[in-house]
Amino acid sequence: MRDLFLNRAKEGCRLSRTIGEERPEIYRIEAGSDLSLYPRVSMEFEQLITQRYSVRSFRSEHLPETVIHRILAAGHKAPTGCNNQPQRILVLNTDDSIAKLKGCTKCHFDAPTAMLICHNTKESWVRKYDGALSSPVDAAIVATHMMLAAHDLGVGCCWVMHFDPDAMGSAFHIPPHIEPAALLVMGYPSEEAKPLPLHTQTRPLEEVVVYESFPQE
Ligand SMILES: Cc1cc2nc3c(=O)[nH]c(=O)nc-3n(C[C@H](O)[C@H](O)[C@H](O)COP(=O)(O)O)c2cc1C
């Protein structure tokens, strides 16, 4: 399969230049398929999602306000359930607030800046069948927009869930109906920053995608 992609890449096949080039082994496309029929995403988008990785080593300077604003603006464009926009974002960009953050998580990686994306459960869209809230999902989408925008701006970022929500609540006076969903620790990557091996451990596409129906048990 790898040969197929590499050969096609040499021929200038569009798919292999876009989704297949980096990790052809995860895309199980039938040999002999007309790969030119596959649509391609823009090169910029492909590069963004391919090159992003969780950065865990940072330079010490806090992010400039202008950069923070761009990242926040990208989150602000995210879709939310019924457009309720229940996200609440806590920006930490001083030595004092980062010191407090270090009491709430070991996964701070000495980042100079962090953003805690929370959701207001009182403003959530609620699914009537089972009472499920969209607000944690909304917050995750907002955080994803922000993480990708950060990468696009040359800012390294790691999504962190390993934090103590109670400690976070006390440290930053988070009201009970505002629940922290995602912590993004961020800053400019240090010279030593590199992806962990986990970054490339991707399950084959066919293991995570089911067409039309899950098999009947
Ligand atoms: C919901 C979520 C929670 C995560 N929590 C942590 C965390 O607490 N600590 C950490 O170091 N990385 C955390 N990560 C980062 C993942 O480990 C990382 O995204 C994954 O291993 C893939 O690597 P990559 O982001 O470099 O591609 C989290 C990522 C997600 C999406």
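Reader: By class, which residues make up the shell around the ligand?

Author: The shell has eight nonpolar, three polar and no charged residues. Here Ala, Val, Leu, Ile, Met, Phe, Trp, Tyr, Cys and Pro count as nonpolar, Asp, Glu, Lys and Arg as charged, and the others, Gly among them, as polar. The model is predicted: local features need pLDDT of at least 70, side-chain atom pairs count only at pLDDT 80 or more, and totals for chains, interfaces and linings use all residues. Residues are numbered from 1 along each chain as its sequence is written.

Reader: Which residues are around the ligand?

Author: A residue is near a molecule if its C-beta atom, placed from the backbone, lies within 6 Å of it. Among those around the ligand are Tyr53, Ser54, Cys107, Cys158, Trp159, His162 and His199.

Reader: How many helices and strands are there in the chain?

Author: Helices (H or I, at least four residues) and strands (E, at least two) are DSSP runs, numbered from the N terminus. The chain has eight helices and four strands.

Reader: What is the phi of Gln85, and where is Gln85 found?

Author: Most residues other than glycine have a negative phi. Gln85 has a positive phi, near 50°, and lies in the loop between helix 4 (65–76) and strand 1 (87–92).

Reader: Why does His173 count as exposed?

Author: A residue is buried if 20 or more other C-beta atoms, placed from the backbone, lie within 10 Å of its own, exposed if 12 or fewer, and partly exposed in between. His173 counts as exposed because it has 8 C-beta neighbours inside 10 Å. Gln85 has 17, so Gln85 counts as partly exposed.
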